[in-house]
Amino acid sequence: MRSSTPPTLPLYRPFLQDGGMKGSGTYLYCRLAHNDGFSLELQKEEILQFAEQAGLEIVGISAEYAGGRTLDRIGLNEVSQAICSGKADIVLVKSTSRIARDMPHFQEYIRFLDENGAMLCCMQEQLVFGGRYCHAEN
């Protein structure tokens, strides 16, 4: 049996499938719930290296210690402001869980990005959500 995509979540396309993201402004977002002294910096370095190797134009980096049960976080708000101002149209994260820990909040953020012509790129899952990549053919 084939499962269907929830109607509130835009369809996705495999990450960096066509290389069409080069030249777009990319904002890197890193988040950990607790400060363990080194993991946030490692996450930041991993995402930065990936973005540079992919040829993405990095316009900002936000790294914070915060829980993932709400979207009202200082670092994520910084990213959202960059999207709204047109400074960035790509948000690059290590994993979908860096945005939110539950599906309703994740969907809410994807809708926000989609409405602003931006997209979320998730390294671990190798998926792109929102923006001009939200209408992938099945």
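A: A salt bridge is a side-chain nitrogen of Lys or Arg within 4 Å of a carboxyl oxygen of Asp or Glu. This is a predicted model, in which local features need pLDDT of at least 70, side-chain atom pairs count only at pLDDT 80 or more, and totals for chains, interfaces and linings use all residues. Residues are numbered from 1 along each chain as its sequence is written, and side-chain values use heavy atoms, with hydrogens and water left out.

Q: How many salt bridges does this rule give?

A: The count is two. In one, Lys94 pairs with Glu46, with the closest N and O atoms 3.1 Å apart. Lys94 belongs to the loop between E4 and H3, and Glu46 to helix H1 (residues 39-53), so the pair ties together parts 48 residues apart in sequence. Helices (H or I, at least four residues) and strands (E, at least two) are DSSP runs, numbered from the N terminus. Arg73 forms a salt bridge with Glu64, at 3.6 Å between the closest N and O atoms.

Q: Is Arg73 buried or exposed?

A: Buried means under 20% relative accessible area, exposed over 50%, and partly exposed in between (1.4 Å probe, protein chains only). Arg73 is buried, at 3% relative accessibility, and Glu64 is buried at 10%. Lys94, however, is partly exposed at 28%, as is Glu46 at 34%.

Q: Which residues have the most contacts inside the largest nonpolar core?

A: Such a core is a set of buried Ala, Val, Leu, Ile, Met, Phe, Trp, Tyr and Cys residues joined through side-chain atoms within 4.5 Å. The largest has 22 residues, and Val91, Ile99, Tyr109, Leu113 and Leu120 have the most contacts inside it. H3 gives the most to this core, five residues.
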